[in-house]
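Here are some friendly notes to read alongside the structure. Take the points in any order you like.

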Amino acid sequence: MEITAALAADLAVLTQTLDEPGTDIAETLRQFAADARRAVPSYLGLSLLVVRGAGLPVTITALEHGAAPSQVQTTLRMPLPREPGDGVSVALILYAARPGAFVDLAADLCWMIGERLSAVAVDEHLLAPAAPDPSGLLPPLSVLSGSAIDQATGVLIGRGFTPAQAQRYLAAHAAESGVDVHGAADRVLAHLDEPDPDEQPG
Amino acid sequence: MTDFDPDARDPSVSFSPELVDDLADLQASLTNLAGLVTDSLGLEELMARVATFAAQAIPGADGAGVTLLRVDRPDNRVEALAASHPFVAEIDEIQYVTVNEGPCITAALERQPVRSGSLGGEARWPRFGPRVGRLGVHSVLSLPLLIPGQVVGAINVYAREHDVFDEHAERLGELFAAPAAVAVHNAQILTQALRLTAQLQTALSTRPVIDQAIGLLRGRSGGTAEEAFTRLREISQAEHTKLSEVARRIVDEAVRRARARHLDT
């Protein structure tokens, strides 16, 4: 399985966040992919579909070596008996090259968790999984895209802002500067030693 | 082995009472296997039940174990294992930890059933056999767990008497092992998927407060995000407190001060 450098970096950060000795999320991902590969001969790879709060979903895809999105003929969204936790939901989408490759696995998984087969999503993600931008101009997708905003929020909290005031400040600063909230957050972090003289908890 | 048809009238086919009992035991075990529901069972508890069903399915068995193996990793083969009885767990310890040899490993590597009726003098496993013989266990039948093109583990069935498992037992074992392999491997996939999504959900839900704490520390004393994270980890280790709890405490204290200041102005 090919894990991009950006995904590997994100998984390393998330592993640190877990703070559980012996746990490596990238290794958990590799083991899951290895097991899926053994169960489904035409397995091509997987996507992680992450939704944080009311935000837009972020889809991160990792395909097997040599596999291409155009080869995908069937998909399976893993039926997992789990509720979203703390506003974060993570879905696993599997891809394979042979139509019908997931039928038996889907049936077994549904039986194991006590769900009806009609509850499982097969072939509902047949749009080719997002391939890396060949031009290299677009920033790679990241499940940690809010990190700068959260850090900037922390900086502002330290300066006397409440969290709500920090959010309003970043939004207002973004609008005034013609950048998005990420850009406003990056500016706060870039000028840690030079707080904006107009900066006031609103 | 002749197909079992309870309505058969063919006089050339006869079923001994023992065969009828053996097939009934196999049928019951296969029915139990099909009825396993995983969401409330961990993988190892499911495997323990499969081991129990295997001991029931094979005539003469005193106990059984189920092992998930990675045959491509000689030094770290065992991914999960379960036993129907404590003596089987003791034998597993000998096979996988003490001597790293035995019928399960052989069956998995060769992808063929393996039998012995006298473990104490078994030349194939010169270190495993005598140790298990001294425990009073003398017969073994090991069956590879096979999914198309892959071996994922093995079922080991043991008996205390000598020469318990014959070709008939081996055939019954193969009939049980085929669906057992799929059930156990699919349960492993489900377990791994749950583990992966749980890890990601937990990490993604706690990362924002850690980033806020990083920002707080950077704002107070400068430095990079990596330096601030290192500082958080030092505090976590010194206080024996989870990183996320340290971050939450730091952020909550700062928010309280900010709110108090806001009320005062």
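This is a predicted model: local features need pLDDT of at least 70, side-chain atom pairs count only at pLDDT 80 or more; totals for chains, interfaces and linings use all residues.

**Notes for a new reader**

1. A:T162 lies in the loop between α4 (147–158) and α5 (163–177) of chain A.

2. In chain B, 61 residues are in contact with 59 residues of chain A. The two chains, B and A, bury about 5100 Å² between them, and 64% of that is on carbon and sulfur atoms. As for its polar side, the rule finds ten residue pairs in polar contact across the interface of chain B and chain A, both residues being at pLDDT 80 or more. Salt bridges across the interface of chain B and chain A come to zero by the rule.

3. Which elements of chain B supply at least two residues each of the side that touches chain A? They are β5 (150–159), α6 (167–221), α7 (225–239) and α8 (243–264) of chain B. The largest share of that side comes from α6(B), with 33 residues. Sorted by class, the side of chain B that touches chain A has 30 nonpolar, 20 polar and eleven charged residues.

4. Next, have a look at α4(B). Six of the eight residues of α4(B) are buried, so this helix is largely enclosed by the rest of the structure. Those buried residues are B:P103, B:C104, B:I105, B:T106, B:A107 and B:A108. They pack against β1 (63–69), α3, β3, α5 (128–134), β4 (139–147) and β5 of chain B. One of them, B:C104, has a relative accessible area of 0%.

5. The backbone around α4(B) also deserves a glance. Just after α4(B), B:R111 takes a positive phi of about 60°, although B:R111 is not a glycine. B:R111 sits in the loop between α4 and β3 (114–116) of chain B, and is partly exposed, with a relative accessible area of 42%. In the loop between α3 (86–98) and α4 (103–110) of chain B you will find B:N100. B:N100 is not a glycine either, yet has a positive phi of about 50°. With a relative accessible area of 37%, B:N100 is partly exposed.

6. Back in chain A, is A:S42 buried or exposed? A:S42 is buried, with a relative accessible area of 15%. This serine is found in the loop between α2 (25–39) and β1 (43–52) of chain A. Leaving aside its neighbours within four places in sequence, A:S42 is in contact with A:Y95, A:A96, A:A97, A:R98 and A:A101.

7. Finally, a word on cysteines. How many disulfides does the rule count over all chains? The count comes to zero. A disulfide is a covalent bond between the sulfur atoms of two cysteines. A:C110 is buried, with a relative accessible area of 2%, and B:C104 is buried too, at 0%.

Technical notes:
Residues are numbered from 1 along each chain as its sequence is written. Chains are lettered from A and ligands numbered from 1 in the order in which they are written. Side-chain values use heavy atoms; hydrogens and water are left out. Contact means heavy atoms within 4.5 Å. Buried area is the accessible area (1.4 Å probe) that two parts lose on being put together, summed over both. A salt bridge is a side-chain nitrogen of Lys or Arg within 4 Å of a carboxyl oxygen of Asp or Glu. A polar contact is a pair of N or O atoms within 3.5 Å; within protein, one must be able to donate a hydrogen and the other to accept it, and residues adjacent in sequence count only if both atoms are side-chain atoms. Helices (H or I, at least four residues) and strands (E, at least two) are DSSP runs, numbered from the N terminus. Ala, Val, Leu, Ile, Met, Phe, Trp, Tyr, Cys and Pro count as nonpolar, Asp, Glu, Lys and Arg as charged, and the others, Gly among them, as polar. Buried means under 20% relative accessible area, exposed over 50%, partly exposed in between (1.4 Å probe, protein chains only). A disulfide is a pair of cysteine sulfur atoms within 2.5 Å.
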